[in-house]
Structures are given as C-alpha cells and as structure tokens.
Amino acid sequence: MMMTDEWLRVIDESELLSRMIVSSEQAEAYRLAHHTVYTDPQLIEQIREFTLMKERYEEVQRFGRYHPDYSTVMKQVRIMKRQLDLDDKVAALKIAENDLQDLLDEVSLLIGKTVSESVKVPVSNPFFSQDSSCSGGCGSGGGCSCSA
C-alpha cells in the first residue's frame, strides 16, 4: 500500500485525537481515581480477597446448587461486592470510568458517522445507541436487530 498525503494526514489527525483524549478531563479524573483506589493498602487487600472469592464463586457455579458451599459462597460474594461498591473511592473510580467510556463512545460515533451513516458503532451507553445505526447489539453475539 502506498503512503499518500491523505493517509499521512489521517494518521496525524488520529494521533492528535488520541493525545486530546489522553489529556482530557475525563481521562485525568480516571487516572486520579484509579491511583487513589490502587494505592490504598486496605482497599487493595479488599479487592484481592474479593478476587479470590470470585474464583470460589466460579468454581461453585460449575456445580450450581448441588455444591456443598453454594449458599455460603453466593452470600459472601454478594456481601463483599456490596462493601466494595459502597466504598467512596471505588464509586468515584466507577463514575470516572463511565465518564471516560462515554467520551470514547461519543468520539467513536462521530468518527463512524463521518465515514458513513450506515457504519455500525457498538456503544456501551444506551443514550448513544440511539445515534448508532444499529441497536447497540452488534457486539453482543447476535442480539442485534440491524441488517448487517
């Protein structure tokens, strides 16, 4: 493939766009929230324990209700997840993550619509899926109602 001036301009613009996204308020808020969560020793230990419990949960799921520890593990994983979800630092990280994902979805839609109105752009936010030419299910394993 020959490198033309048009291709070079596209590459330059995409690099500029990626630098803008990386330096955006949303990305900075995400980096700060991520740093806050993963530098807290108590929170790191809670996350580690939750990860271990999730592994036990997956083991129990293989056998379902017939596993001897089914009810204990199911209850414990819910309790631990709830504790993490209620932590202010984890909540701030989730909000920052959603804000950054919304920015990325919005940019993806703008780029997709610039190329063609019929470009299928999978998005995570239902608000943006209205602007997408598919119902947001193209990446969901066949649940899409578009005519791809």
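**Helices, salt bridges and surface of a predicted model**

Lysine 81 has a relative accessibility of 37% and so counts as partly exposed. Here, buried means under 20% relative accessible area, exposed means over 50%, and partly exposed lies in between (1.4 Å probe, protein chains only). The model is predicted, so local features need pLDDT of at least 70 and side-chain atom pairs count only at pLDDT 80 or more, while totals for chains, interfaces and linings use all residues. Residues are numbered from 1 along each chain as its sequence is written, and side-chain values use heavy atoms, with hydrogens and water left out.

The protein contains six helices and zero strands. Helices (H or I, at least four residues) and strands (E, at least two) are DSSP runs, numbered from the N terminus. Along the sequence, the pattern reads α-α-α-α-α-α. Of the 148 residues in the protein, 24% are buried. Contacts were also sorted by separation along the sequence. Among those with a separation of 6 or more, 39% join residues 24 or more positions apart. A contact means heavy atoms within 4.5 Å.

Helices H4 and H5 form a packed pair. Two packed helices are described by the angle between their axes and by the distance between the axes. H4 spans residues 70–86, and H5 spans residues 88–115. Their axes lie 5 Å apart, at an angle of about 75 degrees. H4 is therefore roughly perpendicular to H5. Axes are lines fitted to C-alpha atoms, for helices over the stretch in contact, and angles run from 0 to 180 degrees between N-to-C directions. Angles under 35 degrees count as roughly parallel, over 145 as roughly antiparallel, 65 to 115 as roughly perpendicular, and the rest as oblique. On the H4 side, Lys81, Leu84, Asp85 and Leu86 take part in the meeting. Their partners in H5 are Asp88, Val90, Ala91 and Lys94.

Charged side chains were examined next. Side chains of opposite charge can pair when their charged atoms come close. Across the whole structure, the search finds seven salt bridges. A salt bridge is a side-chain nitrogen of Lys or Arg within 4 Å of a carboxyl oxygen of Asp or Glu. One of them joins aspartate 85 to lysine 81, with an N to O distance of 2.8 Å. The two residues are four apart in helix H4, which means that about one helical turn separates them. Aspartate 85 is partly exposed, with a relative accessible area of 29%. Lys81 and Asp85 also belong to a network of salt bridges that includes Lys94.

Other salt bridges link separate elements. Lysine 89 and aspartate 40 meet through their side chains at 2.7 Å, N to O. Lysine 89 lies in helix H5, while aspartate 40 lies in the loop between helix H2 (25–38) and H3, so this pair ties together parts that are 49 residues apart in sequence. Aspartate 40 is buried, at 18% relative accessibility. Lysine 89 is partly exposed, with a relative accessible area of 34%. Arginine 56 pairs with aspartate 69 in a further salt bridge, and their closest N and O atoms are 3.2 Å apart. Arginine 56 sits in helix H3 and aspartate 69 in the loop between H3 and H4, so the pair ties together parts 13 residues apart in sequence. Both ends are partly exposed: arginine 56 at 37% relative accessibility, and aspartate 69 with a relative accessible area of 31%.

Some positions come together across gaps in the sequence. Lysine 54 lies in helix H3 (residues 41–63) and is partly exposed, at 37% relative accessibility. Its C-alpha atom is 9.7 Å from that of methionine 80, which is 26 residues away along the chain. Glutamate 106 belongs to helix H5 and is partly exposed, with a relative accessible area of 40%. Glutamate 106 and asparagine 125 are 19 residues apart in sequence, and their C-alpha atoms are 9.6 Å apart. Lysine 120 occupies the loop between H5 and helix H6 (126–129). Its C-alpha atom lies 8.9 Å from that of leucine 109, at a sequence separation of eleven residues.

The protein exposes about 10800 Å², and carbon and sulfur atoms supply 56% of it. Accessible areas come from the Shrake-Rupley method with a 1.4 Å probe; for residues, only the protein chains shown count as cover. Met3, Trp7, Leu8, Val10 and Ile11 form a nonpolar surface patch, and together they have about 450 Å² of accessible area. Patches are made of residues with over 30% relative accessible area and no salt bridge; like charges are joined within 9 Å, and nonpolar side chains (Val, Leu, Ile, Met, Phe, Trp, Tyr) within 5 Å. Isoleucine 11 lies in helix H1 (residues 5–22). Isoleucine 11 is partly exposed, with a relative accessible area of 31%.
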